[in-house]
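Hi,

Here is the structure I promised to pass on to you. Have a look at it first, and my notes on what turned up are below.

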Amino acid sequence: MSIRELWHRLGSPRWFFRISGPLATTLGLLALALLVTGTVWGLAFAPPDYQQGDSVRIMYVHVPTAIVAQSAYILMGAAGVVLLVWRMKMADMVIAATVPFGLTMTALALFTGAAWGKPTWGAWWVWDARTTSVLVLLFLYIGLYALRQAIPRPETASRACAVLAVVGTINIPIIKYSVDWWLTLHQGATFKLTEAPSMPPEMWLPLLLNVLGVYCFFGANLVRRLRVEILERERNTQWVRDLVAGAPA
Amino acid sequence: MSDEPLLSVEAFGCERDGRRLFHDLTFTLGAGEALELKGPNGSGKSTLLKAIAGLYTDYTGTIRAADRLYLGHRPGLGLLLTAEENLRWYAALGAADGARPPIAEALARVGMAGYERVPCQQMSAGQLRRVGLARLLVCAAPLWLLDEPLTALDRSGQVLVRGLIEEQRGRGGAVLCATHQALGLPGAGTLSLEVQHASTEDGG
Amino acid sequence: MSGPGRLFAAQFRRELTTALRSLQEALNPLVFLFLAITLFALGVGVDPEVLGRFAPGIIWVLVLLANLLALETLFRRDYDDGTLEQLVLLGRPLFVPVLAKVTAQWCLTGLAMTVLAPLAALLLYLPGEALGATLLTLIAGSPALTALGAVGAALTVGLRGGGVLLALLILPLYVPTLIFGAGAITLAMSGLEVRAQIYLLAAISVLSVTIAPFAVQAALRISLEQS
């Protein structure tokens, strides 16, 4: 299949629905395996940090969620470009499916960041570069979600969200850079989470597994949500009717 | 002038909020022709006009249309500006460089001579409507798309609309007009739309 | 077809004429700026040491909020009276008219606030040596506020209760401008060099003004489609 052909195929929800069933299962199983291994390894067997002790283990949850939350936003920006330029239906569904996932991951990253701050700095909230960036990201997600809710027609809502996601994605690196600069202005160089002098492999390997695992989870979640979204949007078409009636898709 | 129709709609289909408004609608409109769109509220008259104008893009099928002017429900006139300022703005957006827009003549034609410097805010609904009609003359395009042009107009205003449409046809233009009241245009076609209920057929 | 210069001039003149005829509405954000400064003084207390130290942040946060208030009407009027749909129907890129609208809006907000900034600085006991930096950050950073804000205004123009939503969409995007703007003034108060921050603000503005009109154009088409 040429790239051009694949691109065309991707534009067809029906084709995607047919091939995506096994994909969702594979990604889901992969996510389960990676996350269980990484988490058990990280929480039970990885060595404690020489400065932070056992509280460093929050990292195995915090870092993957923060990374995937950001990637999800950037994916929406990319899908936004595809939707606005090529009018591809699937891109619209990708945005619709990603917003709730990204919002949840951002909230989780923020919560674990706060939980990490308490034993490390003795305060539930510290304006550290990562937590501040994640907080702004949370507001970006809430904005997308609110815009989606405010527009009654789903097609229009997705396109509006696409515009916002594209503008937001262009802004994310600028926001990150500005927040980093802001910290040097107000705090000077401080001890940063996760940047302890060269992490040993026993620490970064489980972290890597969890990062990969959470990406697979994102993939599985995205594909499943897309499948639901496709059925909902295409409910009036013959192939969905046949599917419901029990015929093969 | 070529034989190409000014407007051709092919296999037009459109669904809105789960309701099918159009299915496989095909028609053309050539030079000098007029078509009245009829149908009850919710039958999709405005949606069709908006799709042809280019305001609405969620449809299937093809629409090929010449340069067009769209007169919608809203007058398209800045209320804080005068009639002349509004029309001058339209002229600047569309007219050729250096061409003096015939604003005074256009206002006179729609019975609004002497209102050049009156802010649109101070005009009645019918007067606003008339200034909106003057825009059709200032901007000049071969295809007119009129959505309920008779709204708020008095008797002489309705005669005026008919006259303007006839002039447009005489110039070799075409007019597509959604209306409840029959315009009684000589030789004009009528397209009757019906309210369709929740779609059931295969749309994919 | 008229040239882009003529188109820009026609749109710009239209915006300024409209603003002049509804002068009160155009002035409201500026009045809000000073009203809120007064509230800050009342809330924080008038110890010159304390107020002066907070002044950079207060000025920039209030400039963001005043900008936001002004943005609500940027497309609303045109949307209500139908001129917006006619503009979209021009059948060619909206870049120039949108740029003209944004420029006019900036003259009424960013530029006006820069002109009034010395007065704000006076009320907030901003140390004199930071006044130059304040003016520079405002003039370099405020175009970004208007340009990015226009995207949000275009997205929310047809929605009921769009005001709070607009704030939610746009304020996170204002974060870099706020940080560099207020940060530069703070640095200037300690007599440090702020040229880098001014350049950064200008770069953000240039980027926003270049990209935003395309996003605004897309957003306006989307907003009109649901009316």
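In chain B of this predicted model, strand 3 (residues 34-38) and strand 7 (residues 174-178) pair in the parallel sense, with 4 bridges between them. If you want a place to start looking, B:Leu35 has B:Leu176 in strand 7 of chain B as its bridge partner. Strand 7 of chain B also pairs with strand 6 (residues 143-147) of chain B, again in the parallel sense, over 5 bridges. There, B:Asp147 stands opposite B:Ala178.

Strand 6, helix 5 (residues 155-170) and strand 7 of chain B form a β-α-β unit, and it is right-handed.

Is strand 7 of chain B mostly covered or mostly open? It is mostly covered, with 5 of its 5 residues buried. In a regular strand, side chains alternate between the two faces of the sheet. In strand 7 of chain B, B:Ala174, B:Leu176 and B:Ala178 point one way, while B:Val175 and B:Cys177 point the other way. Residues on both of these sides are buried.

Chain B averages a pLDDT of 85, and 90% of its residues score at least 70. Please take care with residues 197-204 of chain B, where the pLDDT is below 50. Beyond near neighbours in sequence, that stretch has 16 contacts in the model. Where pLDDT is low, the predicted coordinates should not be read in detail.

Now to the contacts between chains. Between chain B and chain C, 21 residues of chain B are in contact with 21 residues of chain C. Helix 2 (residues 83-94) of chain B gives the most to the chain B side, with 4 residues. By type, the chain B side that touches chain C divides into 13 nonpolar, 5 polar and 3 charged residues.

Chain A touches chain C too: 28 residues of chain A are in contact with 22 residues of chain C. On the chain A side, helix 5 (129-150) and helix 6 (154-186) each supply at least two residues. Which helix of chain A gives the largest share? That is helix 6 of chain A, with 17 residues. The side of chain A that touches chain C is made up of 21 nonpolar, 5 polar and 2 charged residues.

As for chain A itself, its secondary structure comes to 8 helices and 0 strands. Its C-alpha atoms fill a box of roughly 60 × 40 × 30 Å along the principal axes. Of the 249 residues of chain A, 41% count as buried. Among the contacts in chain A with a separation of 6 or more, 78% are between residues 24 or more positions apart.

One last item, from chain C. Why is helix 7 (residues 162-170) of chain C described as largely enclosed by the rest of the structure? Because 7 of its 9 residues are buried. The buried residues in helix 7 of chain C are C:Gly162, C:Leu165, C:Leu166, C:Ala167, C:Leu168, C:Leu169 and C:Ile170.

Best wishes

Technical notes. Residues are numbered from 1 along each chain as its sequence is written. Chains are lettered from A and ligands numbered from 1 in the order in which they are written. This is a predicted model: local features need pLDDT of at least 70, side-chain atom pairs count only at pLDDT 80 or more; totals for chains, interfaces and linings use all residues. A residue is buried if 20 or more other C-beta atoms lie within 10 Å of its own, exposed if 12 or fewer, and partly exposed in between; C-beta atoms are placed from the backbone. Two strands pair if DSSP finds at least two bridges between them. A crossover is right-handed if, with the strands pointing away from the viewer, the path from the first strand over the helix to the second runs clockwise. Two residues are in contact if their C-beta atoms, placed from the backbone, lie within 7 Å. Ala, Val, Leu, Ile, Met, Phe, Trp, Tyr, Cys and Pro count as nonpolar, Asp, Glu, Lys and Arg as charged, and the others, Gly among them, as polar. pLDDT is the predictor's confidence in each residue, from 0 to 100.
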